[in-house]
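Here is a friendly walk through the model. Please take a look at it before reading on.

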Amino acid sequence: FLTQNPNTSASTVDSKIRQVVFDPGSEGSYAIGLNIVTKGSGFDAKIYVNVNSITVKRCRIDNCIQFGTGLQDVTIVQNFFSNTFVTNCLATNGSGFFVPPTDIVFNNNICQKSLTWGVPIANPTTFWPILQCRNNVFDGPDNLATPNLAFSTSEFSNNILMPTNAVVNIQASSGVIRSNIGTLSTQFGITNNNLVVPAISSLFVASASPDGTYQIQSGSQGSNNGTDGTDRGAFGGAAVTSRYTLSGLAPVPVIYEITTIGVADATGLPVTIKARTIK
């Protein structure tokens, strides 16, 4: 979305990649700021995680993140899961002996997909854990026959579920589901600072960019009233560095404008550079 958000980069050519595969030897690696797209193969538009301690951050993902078996320490934060394909955010490797990761962190993402995690994957009766699920916006398909959200968790807070009548089946202890917003009281309840907002679009600003449109409007029912006193949704969070970043820009200085008259004199070529630091 480099052409649709302000002050992103002097070059608006994004980093399009068909697949990223984390195999043995890549433990501790990060994928940041990539656009994961397809070129026609069913194996495309995925990030494959086959080792421990992987972070997927600030990427745009057309399909999903697919896990190998028996992993630990997977962090999925500040990503944009597009609706290019009607898929789930997470997938298994298809093995009948698949063991899910023990501690997935899934925070500050924008998801135009469902997030279900268990067996069977579309409508679990056995629920797999997502350790922490916080400050996400879920704008996936409104599938009334199957859940939009279904998993077990020890923290589910500050999330926004947009599809009207979306089905929720989250397994959690009392008080874990708090400070979320949905369109129905049957989704998150009305205790623990959970809110019901039928006119869900009233929470957000008007924006020309696909990710900017999920920013919370000041004074709305999602503004500055999360568990940490900041906005609910992907752009909230006590630490600025943990919030969703427009266009998935990496936490480095970004040059977004360069101008010059194009003529050098005895003192050199005058150039004006505008830059900003991304947190």
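## Overall shape and the parallel sheet

The protein has an accessible surface of about 12,500 Å², and carbon and sulfur atoms make up 53% of that area (Shrake-Rupley method, 1.4 Å probe). This is a predicted model, in which local features need pLDDT of at least 70 and side-chain atom pairs count only at pLDDT 80 or more, while totals for chains, interfaces and linings use all residues. Residues are numbered from 1 along each chain as its sequence is written, and side-chain values use heavy atoms, with hydrogens and water left out.

Of the 279 residues, 47% are buried, meaning under 20% relative accessible area (1.4 Å probe, protein chains only).

Seven strands make an open sheet with parallel pairing, in the order E3-E6-E9-E12-E18-E21-E24 (strands pair if DSSP finds at least two bridges between them). Each edge strand, listed below, has a single partner, so one of its sides is left without a neighbour in the sheet.

| Edge strand | Residues |
|---|---|
| E3 | 30-32 |
| E24 | 177-178 |

Within the sheet, two bridges join E18 (residues 132-134) to E21 (residues 156-157), and Arg-134 stands opposite Ser-157 in E21.

How values were computed: Buried means under 20% relative accessible area, exposed over 50%, partly exposed in between (1.4 Å probe, protein chains only). Helices (H or I, at least four residues) and strands (E, at least two) are DSSP runs, numbered from the N terminus.
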